[in-house]
Amino acid sequence: MSSRVLLAAGLILSAALVRVLPHPQNFAPVGAMALFGAAYFRRSWGLALPFIALFLSDLVLNNVVYKSMYPEFKWLSSGWNYLSFAVVFAAGHFFFQKGVTAIKVGGAALSTSLIFFLVSNLSVFVETTMYPKTFAGLLECYAAGLPFLTNTILGDLFFAGAMFGVYEWYNSRKTESVRA
């Protein structure tokens, strides 16, 4: 297995570990994990790695961290979160099919935040009784989620920048040493 594959896998697993450490609400590497995996894993087990990392970190978060604060919490995250992750992963394949650039990473990270915002708030609207099942109720649900969007955007931009930046920096260093 190449050092690039090991680095990419290590970055995804590190991002999953960061999820279980204390952090500001919604400032998390989930979107970056999906984008990064989509950009650098094209086949075989690599496609599954971001999903496995998400699942394992969800198990720890839900059964250790959140369960202690909220005893009624489910043992596994909502399927909506995995749907959002899958949509981001698919979008990442589209964004990066012709290569990775800083502009593409930034645009993809912003798109990731919006996808998560739309899907996660739709799940609250559909699965709870917090809002009336009307168009006005849906808009109210999205409005209530707006305060969380800022940290989602900041987290996606930060972690995508960090993951893609470390990977590209490593590869540029490796290329320089081959030329010398």
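## Basis of the model

Because the model is predicted, local features need pLDDT of at least 70 and side-chain atom pairs count only at pLDDT 80 or more, while totals for chains, interfaces and linings use all residues. Residues are numbered from 1 along each chain as its sequence is written, and side-chain values use heavy atoms, with hydrogens and water left out.

## Nonpolar cores

A nonpolar core is a set of buried Ala, Val, Leu, Ile, Met, Phe, Trp, Tyr and Cys residues joined through side-chain atoms within 4.5 Å, where buried means under 20% relative accessible area, exposed over 50%, and partly exposed in between (1.4 Å probe, protein chains only). The largest such core has 34 residues, and those touching the most other members include M33, F36 and M163. Helix 2 gives the most to this core, with eight residues; helices are DSSP runs (H or I, at least four residues) numbered from the N terminus.

Apart from neighbours within four places in sequence, M163 is in contact (heavy atoms within 4.5 Å) with L11, I12, A15, A32, M33 and F36.

## The salt bridge

The structure holds one salt bridge, defined as a side-chain nitrogen of Lys or Arg within 4 Å of a carboxyl oxygen of Asp or Glu. The side chains of D58 and R19 form this pair, at 2.9 Å from N to O, and they link helix 3 with helix 1 across 39 residues. D58 is buried, with a relative accessible area of 3%, and R19 is buried as well, at 10%.

Notes:
Helix = DSSP H or I, 4+ residues; strand = E, 2+ residues; numbered from the N terminus.
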